[in-house]
Structure formats: C-alpha cells, structure tokens
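Colleague: Hi! Could you walk me through this one while I have it open on my screen?
Modeller: Happy to, let's take a look together.

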Amino acid sequence: IFVHGAALWGLLLGLVGAALATALHGLGRGFARLAGRDAARLGRAPGPALWTGALLMTGIALAELSVRGQLGTLAGQPIDHPARVQLALRHGLIALGLGVAGLALAHVVARRVRAMSGRRGARAAAIVLTALVLLLLTARLVLAPGAPRTGTPDRVVVVGLDGLTLRLLGPALARGELPTVRRLIEEGSWGSLLTYGPASSPRVWTTLATGRRTRDHGIDDFVGVADGRYRAQPLTGADRRVRALWQISSAAGLTTGVINWLMAHPPEDVRGTFVSRVNVRTVDRVRPAVAAAEIQRALAPHALRPDGSGPWRMGDDWPRLPDGDSERLRLPVYARPLTEIDRVFAAVDQVVRRDDPRLLMLYQRSVDDAAHRTYKYYDPASFDRALWQIEPTTVARVGALIPSLLRHLDRHLGQLWGAIGDDALLLVVSDHGLRPARAPRVRLRMAPVLVALGTAAADPMGRVIDRVDLDASDAYGLVETPWTVLRRVNLNVVDREARGRVPRAAFQRRCARLALQLRALRVIADGDAGGSAAGRPLFDRVDDRCDAGIDAPGADLVLHPGAALRDARAVRRSLLVLPNGDTQPLASVVQINVTLSGDHDRRGVWLMVGPGVRAGYHGPWSTPTAPAVLLRHLTERVPQLDAWLPRLGRLGLLERTTTLDVAPTVLALLGLPVADDMPGRAAVDLVEPPASVTRNPTYELEPSTDDGEAAVDPASDEELMERLRALGYISDG
C-alpha cells in the first residue's frame, strides 16, 4: 500500500494529524498549569511510535477512499468542479480524523501493554503490531483481487475506443448502466492509461499499433502537404515508417483481423482480413478482395438512410432503451454515430466468423466525435452558458447523446465478448481522455491577415483551399490542426508552388519584408489609442527561414501567436493595428469556435479481461496532483526518463501503464518477442502466472508482407477532410 500515491498523501495527512494531536496535548498541559492542576495526568506527548500508528492507519483510510471513489465523482469531474472539491474536502477531513483516532488508539494500547509487562519496548511493539493487523485486514477486505481464470489466451482482441475516459464512464456506471463495462471492471484489470506525448489521435493510435514514439513511426498529424504545397491530403498507412502489430503477427504466421484502425488506410496485406475506413454508408477497401463482398453484405442493413436517419426499428431492435431514447434515435445527430458503431461491429462479427483470428484489432471514434461537439450539452454546469451559447432546448435534445453512445457501445462489447469466448483476452483501450473545454477555441486565420497586409488577395469564389486567390497572392497560410499552436506561412514562389507568383530571385527580400510586417502587428483594446508601437504584439515571435533558401524543408515563416489570442471575450473587444496605423476588429482575422466544447486530456482507459488476468484497479490510488502533472511534462520532453515511467507508476505518481506499453503487452500475450526498440514495457505482471517476455532487437529488418498496393479512394479522402474540418481538426487559411 505504501508505494502508491494515495498512501503517500495519507502519510502527509497522518503527519498533520499527529502534529495537531501533539499541539493539542501541549495546549492542554499549558492550560492545566495555568489552572493550577496536575499536568502530569495528561501523560506524555505522543512519541514516534504513536506517530507511526497514525500514519499507517491514515494511509489505509485514504487508499480505501481513493479506490472506492475512482469511478465516482472525485475522478469523474474537473479538478475545480464543486462536487469534486466537496468530496476532496471530505476525503481530507476523514483522513485527518482517522489520524487523530489512530493516535488515541495507539496511546491506549501502549499504556495497557506497558502496564501489563513493564517493558519500555513493548509500547512500540504493540503500536506497530496493532497497525499492521489493521493494515492487513483493510487490505484484505478492500483490495483483495478476484481469483483469475488460469490458462493462456488463445487470441487477443484489442478494442480501440477513441476518447473513452473514466470521466464519462463513472457517472454512467453510478446510474447502473453499462453492464458489460461493469463486468470488465469486476472481473479484469482496469484503470487509467497515460497518453504518452501529445493527446493527438493520429499520433497515439499509431503508437498503440506500433509501440513506437511519433519520431519513430512518423505519423504526427491527420494530414500532410500535397499538390504543390497548397493543399493538405490525409496521411495513410504508407506514411508509417515502422511495422505495426498486424504486420508482425502476420509475419509470425498468426491469423489477423484489422477493422477501421485509424491512420491505417489503404488496407494492408495481412494473414486474414483488413477492413479500412468504415463509414456510415460505405466501406472504402477490404483485403483480400474475396472478402469484400461478404463484408459489404454484412454491413448493408446498417447503412445510414439518405434522409440522415438510422436504420433501426423502434421497439423490437431496442427492447431495453431508457425513456426518451427511442425518440432521440430519429435525430440525425444520434443516427450518424450510432450507425458507425453498428457498422464497425458488424464488420468485426463478419471477420470473426470468417477467419477466427488470433489477433483482432478494431477502432471506433464516435465517443470522441460526439464529445467534441456536444460536451457543453452533456455537462452544461461546467460551462459559461452565455459565452458558449448553450440553449436549454438543445441541452434537452442533444445532452443525452454521449450516454446513448456509451450504452450502445456497451451492448456491442457484450456481444463481442460472448462471440470470442472465455479463452480470449479482451483489451479495451483509448488514446486519451476527454474533459470540458476551459474556453472557446480561438484560432487565428492567416488568410485575412495576409490580405490586410496586402500580400494576398481574397478568394472571390470562397473556395476552401487557403481561402485566398492563389493566382493573385504572394503568400498563403498552411493547413493547421488544433494542437498546432504555431501558424505557418509560405511565399508563393515561381517553380516551387504550382501557381507561384514571387520570382525566385526576389524570395529573400520578399520573405524578410513579410516577416517585418508580421512582427509589427499589434493588438489594442477597442477605444485605446492606436499606432504601430501601441498595444501587445499579435505574435510573440516570428521565425523566418529567409536565409535558408527557397527549397529548404519546412515553412518559410513560423509564427507564435501571442497572449492576445487566448481570451475569447477579450478578442471580441480588441482591435488589430496594422503596420501603417490602420485598425480593424481583431475578430475579423480569428475564428471563435463555441461548438468544440470537449477537449482532450491525457487519461485514457485500460480494461483487460481474460484467462489469468488479475482483477483489480491498475493505476494510481490518488487524484492528479501538481507533481504528477510536472512529471508528465518532463517525461514528455525528456526521452531519457522513459525508463522511469514504470517506476513512477508503481509509486502512484503516474498511471502505471502508458500508450507505449500496449503493443509490447499484446506481443507478449501472443507469445511473440518484444522488440528492443519499443520503449514501453509488457504489462505481464497483470497476468497470473506472468507471461514470459522474449526479446527481439527489432522488427524493422524483416521484409514487409505487404505487396505494395496503396491506391487511395479520392472520394473517401475528401469525405475525411470534410469531417476533419467539421470537427475543427484542420483549418484552411
């Protein structure tokens, strides 16, 4: 117990309790002397032995409270949520009270033992013995894991649910919903999964599939630059630089199934079936081709109707829906994500029937998509209703979307669990967690900034590509994603860009002039005196590569937006001051997004059940603390600390399992070697008896099993780009 974070906090609070008891004892003796009474009757001040007893008991109490509260309000709400603050205060008061009670109990026991034996050492022995007995009894009652099923799994099923988090699961479980998730928690290992690095879905899902960091696998975003540097196109599996689990298992001769995994399109050649990009009406590609017709037939009954409604019959197909859900299912906002869930799991069912794979990997994104758009309706108490434009009627209609998706996923998980059998190991993971956005997202749009500076012309047709007229513009902004704080600008150079205007000989001069103009931009409050030197700079820093040459890699200009763009309220009241002294509303060059109300955090979910899996909570036993946040930032930026992640997890300072650990764990459970260039660890300690881990220097020297087919469906790419724009995942111009 003492190696976990909650017990460490328990020790601290126990120390406070012991100090308080000592102070009260001293005050009591002082008042006794002032009153002329015999202060000796109060006894001696609590000694080190009494303090030890108090610390032990308080550590036990706090650990128990943390474990019981992990799925409840304490772990399910933001750090400043009133319910969480109240429970945290109660948490501390109970621990403090038990610390004082521990002092009194230890003092009484010590006096009795001393009176009976007369030996001075008996006092300390009695205290330690009493505390240890209480410790063992509490641990036995509270923390005893269930008896694991013996044996080894005959297959491993990895279910990736984007954005799933205990913050959402906790309230649903407290309402008695999600019976499958409840069984997973009761019978298996569960806890938080620390997102290693930025909580960016393309990065993390590729890390989960490869066990490698972003700098190794190369997938750092949804999109990359294409078409003469103007446009962005989705990255694909062909852009991945390392081998994924499905390639490793297929090369080892294991039948493998992959369904809808993110950043794994077009489908790759595996020893089994690979289904990519399962949409609400179509499936992009299936390999091998002979399986395509079967998959399409299985998914046909679950296609979204042309009017945007779902394919369900109210009643027979949904006999246990809570009140109101039957009506809500008629709404398009419900129909699309529910249909996607149905189609992914229909493809899974077909692959299981067809191939009986040893490794099955599937991905579903509906919770993440819905939370981004509807979190403010799901939890309106966490938002400023006026700032976020929250309408009560929309709360009533849309607020139940996230719980409905969780119930729908729970139903399909239960069916999948039954289909794969008790001899399979089921691992449910998410790439990150979700939380209420702290403020509306303010995004600087480079196109109107460049137009205001006179270096670009507005696109009269309103086309999506950069939203500037490329035939009349000397510069343009690159497509950005929400986790890219920096903004990037390129000059429209002849022979480098397809529609270039800036002569190559004038590149350096034009680049330097544009950099000076961008540095001169200022932001002032509406009504203040203007001028190029007034106010705060729009950009904290402007990095230029004007001297690096026209064909140097990277953008020509990299801009670091300043603090003036971080407050949506202030943006609406501010003016942009141009280098010539003219002003215009700052809101004319930014986009204030009040739709995307759900943000990523770095606490995903780990649920594992199967033969030999030890049941119980797997993770820290305390709430996130300032040291934990600091350690996360350090481990994110200092790769040399990777080896310490498991140790920090065992101390309760971080989640015990990170996204780097999933691929090594899957390989070890399949009986395959873990590569030395995978920085994570195989969590075989969660299986009894622990699976043996063999090592392999690397998998990158082995020939690929893919035959090189990499055709991409342009229509599917465009559909994906539109979805990313709707989610705010990319921004043009």
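Colleague: How do β1 and β9 pair, and over how many bridges?
Modeller: β1 and β9 pair in the parallel sense over 6 bridges. Val156 stands opposite Leu425 in β9. Keep in mind that this is a predicted model.

Colleague: What about β1 and β8?
Modeller: Those two also make 6 bridges, in the parallel sense. Val157 has Leu360 of β8 as its bridge partner.

Colleague: Is β1 buried or exposed?
Modeller: Buried: 7 of the 7 residues of β1 are, so the strand is largely enclosed by the rest of the structure. Arg155, Val157, Val159 and Leu161 point one way, while Val156, Val158 and Gly160 point the other way, and all are buried.

Colleague: Why do the residues split into two sets like that?
Modeller: In a regular strand the side chains alternate between the two faces of the sheet.

Colleague: OK, zoom out for me. What is the strand order of the open sheet of 9 strands?
Modeller: The order is β7-β6-β5-β8-β1-β9-β22-β2-β23, and the pairing is mixed. At the edges stand β7 (283-287) and β23 (616-617), each with a single partner strand, so one side of each has no neighbour in the sheet.

Colleague: Which strands does β5 pair with?
Modeller: β5 (residues 256-259) pairs in the parallel sense with β6 (residues 272-278) over 4 bridges, and in the parallel sense with β8 (residues 359-364), again over 4 bridges. Gly257 has Thr273 as its bridge partner in β6, and Val258 has Met361 in β8. Both faces of β5 are covered, with Thr256 and Val258 buried on one side and Gly257 and Ile259 buried on the other.

Colleague: And how do β6 and β7 run?
Modeller: They run antiparallel, joined by 4 bridges. Val275 finds its bridge partner in Val286 of β7.

Colleague: Which helices lie across those strands?
Modeller: Helix α13 (residues 332-355) is one of them: α13 lies across β1, β5, β6, β7 and β8, running at about 170 degrees to β8. Helix α23 (residues 662-669) is another, lying across β1, β2, β8, β9 and β22 at about 175 degrees to β9.

Colleague: How many residues of α23 are buried?
Modeller: 8 of the 8, so α23 is largely enclosed by the rest of the structure. They are Val662, Ala663, Pro664, Thr665, Val666, Leu667, Ala668 and Leu669. Just after the helix, Gly671 takes a positive phi of about 80 degrees.

Colleague: Switching to helix packing. At what angle do α14 and α17 pack?
Modeller: Helix α14 (residues 366-378) and helix α17 (residues 401-420) pack at about 150 degrees, with their axes 8 Å apart. The two are therefore roughly antiparallel to each other, since angles over 145 degrees count that way.

Colleague: Which residues meet there?
Modeller: From α14 you have Ser366, Val367, Ala370, Ala371, Thr374, Tyr375 and Tyr378, and they meet Leu401, Ile402, Pro403, Leu405, Leu406 and Leu409 of α17. The residues of that contact divide into 11 nonpolar, 2 polar and no charged.

Colleague: I always ask about cysteines. How many disulfides does a search of the whole structure find?
Modeller: It finds 1 disulfide. Cys511 and Cys546 form it, with their sulfur atoms 2.0 Å apart. The link is left-handed, with -75 degrees about the S-S bond.

Colleague: What does the pair tie together?
Modeller: Cys511 lies in helix α19 (residues 507-520) and Cys546 in the loop between β16 (539-544) and β17 (557-561), so the pair ties together parts that are 35 residues apart in sequence.

Colleague: Are those cysteines buried or exposed?
Modeller: Cys511 is buried, with a relative accessible area of 0%. Cys546 is buried too, at 4%.

Colleague: One more sheet: what is the order in the open sheet of 4 strands?
Modeller: That one goes β15-β14-β18-β19, with antiparallel pairing. Its edge strands are β15 (536-537) and β19 (583-585), each pairing on one side only. 2 bridges join β14 (residues 522-525) to β15, and Val523 has Arg536 as its bridge partner in β15.

Definitions and conventions. Residues are numbered from 1 along each chain as its sequence is written. This is a predicted model: local features need pLDDT of at least 70, side-chain atom pairs count only at pLDDT 80 or more; totals for chains, interfaces and linings use all residues. Side-chain values use heavy atoms; hydrogens and water are left out. A disulfide is a pair of cysteine sulfur atoms within 2.5 Å. Buried means under 20% relative accessible area, exposed over 50%, partly exposed in between (1.4 Å probe, protein chains only). Two strands pair if DSSP finds at least two bridges between them. Axes are lines fitted to C-alpha atoms, for helices over the stretch in contact, and angles run from 0 to 180 degrees between N-to-C directions. Angles under 35 degrees count as roughly parallel, over 145 as roughly antiparallel, 65 to 115 as roughly perpendicular and the rest as oblique. Contact means heavy atoms within 4.5 Å. Ala, Val, Leu, Ile, Met, Phe, Trp, Tyr, Cys and Pro count as nonpolar, Asp, Glu, Lys and Arg as charged, and the others, Gly among them, as polar.
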